[in-house]
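This report describes selected packing features of one protein chain. Please consult the sequence and the structure shown below while reading.

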Amino acid sequence: MGEGVELVYSAELAEVNEAVRVRLRATRWWRLLRWTARGACALSVLVAGFALVSGDPAEAVLLAFLGLVAVAAAELVPWATAQSLFRLIGSQGEARAVVGEDGGRWTSRDTDTTIRWALLTRYVETPRLFVLFTDRTSGTGLAYLPKRGLADPADADRLRAILDRNTVRV
């Protein structure tokens with residue numbers, strides 16, 4: 001990997017959740033899923049209103065409930081995904097990431113993974129994280145780097161410079 005910026009950290013659910021949400025916001029299918037669920041909810045409430053006017057309150061309640069279930073299911077996707085990833089990542093204990101000009105290398109108790117910039121082509125910076133992710137043609141892969149894992153706050157600028165040279169900030 002050569003000389004790079006090192007981060008050492010343990011997984012936190014809040015950070016995994018933030019990384020998943022950042023990644024989902026960068027995908028077209030996530031926006032489509034959310035709007036489809038909201039549209040289904042609006043349609044079911046509209047039909048429920050007609051059912052209520054026509055004198056069938058039980059059907060109206062059922063339709064309104066189904067619409068709310070559609071929205072709730074879509075909104076629970078990030079939470080459920082983060083929970084699942086956190087169980088996997090958190091079980092590995094302390095993680096070490098080294099990010100350099102060739103890509104990133106993540107090591108933990110049972111893993112040693114190297115990812116080149118050709119796969120992680122984009123990133124988003126939040127107040128707490130750098131979230132790296134694949135391009136649209138490679139699926140929805142992600143990696144995150146919590147700023148709290150940096151040894152020195154100045155390392156954030158070094159890491160940002162490496163990311164800006166090798167990936168695209170979204």
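## Helix α1 and its surroundings

The buried residues of helix α1 pack against α2 (28-53), α3 (57-90), β5 (122-125), β6 and β7. The model is a predicted one. Within α1, the buried positions are Glu15, Val16, Glu18, Ala19, Val20, Val22, Arg23 and Leu24.

Helix α1 covers residues 13-25, a run of 13 residues. From its first C-alpha to its last, α1 reaches 18 Å, close to the 18 Å expected at 1.5 Å a residue.

## The open sheet

A further part of the model is a sheet. The sheet is open and is formed by 4 strands in the order β1-β2-β3-β4, with antiparallel pairing. Strands β1 and β4 (112-116) stand at the edges; each has a single partner strand, so one side of each is left without a neighbour in the sheet. From one strand to the next, the twist averages 15 degrees.

Strand β1 pairs with strand β2 (residues 94-100) over 7 bridges, in the antiparallel sense. Val5 stands opposite Val99 of β2. Helix α4 (residues 155-166) packs on the sheet, where it touches β1 and β2. The direction of α4 makes about 115 degrees with that of β1.

## Strands β6 and β7

Strand β6 (residues 129-133) is joined to β7 by 5 bridges, and the two run antiparallel. Phe133 has Leu142, in β7, as its bridge partner. Of the 5 residues of β7, 4 are buried, so this strand is largely enclosed by the rest of the structure.

## Aromatic pairs

How many aromatic pairs does a search of the whole structure find? The search finds 3. One of them joins Tyr9 and Tyr144 in a tilted arrangement, with 6.0 Å centre to centre and 50 degrees between the planes. Tyr9 lies in strand β1 (residues 4-10) and Tyr144 in strand β7 (residues 142-146), so the pair ties together parts that are 135 residues apart in sequence. Tyr9 is buried, at a relative accessible area of 5%, and Tyr144 is likewise buried, at 6% relative accessibility.

Trp29 and Trp30 form another pair, which is edge-to-face, with 6.2 Å centre to centre and 80 degrees between the planes. Are these two residues buried or partly exposed? Trp29 is partly exposed, with a relative accessible area of 42%, whereas Trp30 counts as buried at 4% relative accessibility.

## Charged groups over rings

Aromatic rings also take part in contacts with charged side chains. The charged end of Arg38 sits over the ring of Trp35, at 5.3 Å from the ring centre. Lys147 lies over the face of Phe130, and the distance to the centre of that ring is 5.1 Å.

## A position in helix α3

Ala72 is located in helix α3. Because its relative accessibility is 36%, Ala72 counts as partly exposed. Along the chain, Ala72 and Thr134 are 62 residues apart, and their C-alpha atoms are separated by 27 Å.

Note on methods:
Residues numbered from 1 in each chain as written. Predicted model: local features only at pLDDT ≥ 70, side-chain atom pairs only at ≥ 80, totals over all residues. Heavy atoms only, no water. Phe/Tyr/Trp six-rings, centres within 6.5 Å; stacked < 30°, edge-to-face > 60°. Buried < 20%, exposed > 50% of the residue type's maximum accessible area, 1.4 Å probe, protein only. Lys NZ or Arg CZ within 6 Å of the ring centre and 35° of its normal. Pairing = 2+ DSSP bridges. Axes fitted to C-alpha atoms, helices over the stretch in contact; angles between N-to-C directions. Contact = heavy atoms within 4.5 Å. Expected span 1.5 Å × (residues − 1).
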